[in-house]
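Take a look at the model below, then skim the notes that follow.

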Amino acid sequence: MSSEKINRRQQILQALAHMLEASPGARITTAALAKEVGFSEAALYRHFPSKSKMFEGLIEFIEDTVFSRVSLILQEEPSALARCQKILHLLLAFCERNPGITRLLTGDALTGETERLHGRILQFFDRLETQLKQILREAELREQLRPAIPLGGAANLLLASAEGRIVQYVRSGFKRKPTEYWAEQWPVLMAGFFRETALAQ
C-alpha cells in the first residue's frame, strides 16, 4: 500500500475521530464525513469499503496503541500492584486524550452499527480483563500475594472501576476527566485488595 494511500486512510480516520468528539450523540453519515475530509463519498469508499470498516480502523488503532503499551508495562514493572495501576492509568489517559474514539469503547457511537463492531469492543475489554487476571495469578507465585476475593471477581473489579470513569467521561460530554481523582481513588481501591499467602515450604 502506498504511503499516500496510508496517509489518506489516516486522514479519514482522524476526521471520523474528530467528528465523534465534536458531535456527541449525533449519527455520522458518510456524506458528512466526506465533507469534513474534503473528499467525495466515492473517494472515501476507495479507501474504506464501508463506514463499518472505518470504525474498525479506529478500533484497530485502540487495540494496537493500548496493547503495545501494556506489553511495555509488563516488561518494565515486576510488581503486580504497579502493573495493574499502570495498565488502568494507561487506559484512562488514552481515553482522556482521544475523546471521540472513547465513544466507541462505551458503545455510544455504535448504535445501529454491525454486531461485529460491538463484538470487537467486547473482545478488547475481555482481553484487558484477562491480562489483569493473569497479573493477579502471577502475583501469588512471584510475590505471595492473593486478592481477597476470587481472581475473576478481583480482575473484574479493577476493570469496572476504570470503565465507570470512562462512561462518566462520555456521559458528561467529555467534561469529567477519566484521570480526575484516580490517584486518590487507587490507594482506597487497593486497601485490603491483596492478602499475603503462606510462603511455600
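**Quick briefing**

Lysine 53 is partly exposed, with a relative accessible area of 37%; the scale here calls a residue buried under 20% relative accessible area, exposed over 50% and partly exposed in between, using a 1.4 Å probe and protein chains only. This is a predicted model, in which local features need pLDDT of at least 70 and side-chain atom pairs count only at pLDDT 80 or more, while totals for chains, interfaces and linings use all residues. Numbering starts from 1 along each chain as its sequence is written, and side-chain values use heavy atoms, with hydrogens and water left out.

**Overall layout**

- The protein has nine helices and two strands, where helices (H or I, at least four residues) and strands (E, at least two) are DSSP runs numbered from the N terminus.
- Reading from the N terminus, the order of elements is α-α-α-α-α-α-α-β-α-α-β.
- Along the principal axes, the C-alpha atoms fill a box of roughly 70 × 35 × 25 Å.
- Of the 201 residues, 43% are buried.
- Among contacts (heavy atoms within 4.5 Å) with a separation of 6 or more, 71% come from residues 24 or more positions apart.

**The nonpolar core**

- The largest nonpolar core holds 59 residues; a core here is a set of buried Ala, Val, Leu, Ile, Met, Phe, Trp, Tyr and Cys residues joined through side-chain atoms within 4.5 Å.
- Which residues have the most contacts inside this core? They are Leu33, Leu91, Leu104 and Phe124.
- Skipping residues up to four places away in sequence, leucine 91 touches Phe124, Phe125, Leu128, Leu159, Ala162 and Ile166.
- Phenylalanine 125, found in helix H7, is buried at 9% relative accessibility.
- With neighbours within four places set aside, phenylalanine 125 is in contact with Leu91, Leu105, Leu159 and Glu163.
- Phenylalanine 125 and glutamate 77 are 48 residues apart in sequence, and their C-alpha atoms are 21 Å apart in space.
- As background, nonpolar side chains tend to be buried together in soluble globular proteins.

**Salt bridges**

- There are ten salt bridges, taking one to be a side-chain nitrogen of Lys or Arg within 4 Å of a carboxyl oxygen of Asp or Glu.
- Lysine 53 and glutamate 56 pair up at 3.8 Å, N to O.
- Both of those residues sit in helix H4 (residues 51-76), three residues apart, or about one turn of the helix.
- Glutamate 56 is buried, at 6% relative accessible area.
- In another salt bridge, the closest N and O atoms of arginine 120 and glutamate 63 are 2.9 Å apart.
- That pair links distant parts of the chain, with arginine 120 in helix H7 (residues 115-143) and glutamate 63 in helix H4, 57 residues apart.
- Buried or exposed: where do these two partners fall? Arginine 120 is buried at 11% relative accessible area, and glutamate 63 is buried too, at 14%.
- Glutamate 140 meets arginine 146 in a salt bridge of 2.5 Å, N to O.
- Glutamate 140 is partly exposed at 29%, and arginine 146 is also partly exposed, at 33%.
- Shared partners join Lys53, Glu56, Glu60, Glu63, Arg116 and Arg120 into one network of salt bridges.

**Helix H5 against helix H9**

- Helix H5 (residues 80-97) packs on helix H9 (residues 182-190) at an angle of about 145 degrees, with the axes 12 Å apart; the axes are lines fitted to C-alpha atoms, for helices over the stretch in contact, and angles run from 0 to 180 degrees between N-to-C directions.
- On the H5 side, Leu81, Cys84, Gln85, Leu88, His89 and Leu92 meet Trp182, Trp186 and Met190 of H9.
- The residues of this contact divide into seven nonpolar, two polar and no charged; Ala, Val, Leu, Ile, Met, Phe, Trp, Tyr, Cys and Pro count as nonpolar, Asp, Glu, Lys and Arg as charged, and the others, Gly among them, as polar.

- Glutamine 144 is not a glycine, yet has a positive phi of about 55 degrees.
- Glutamine 144 lies in the loop between H7 and strand E1 (145-147) and is partly exposed, at 24%.
- Phenylalanine 174, also a residue other than glycine, has a positive phi near 70 degrees.
- The loop between helix H8 (151-171) and H9 holds phenylalanine 174, which counts as buried at 11% relative accessibility.
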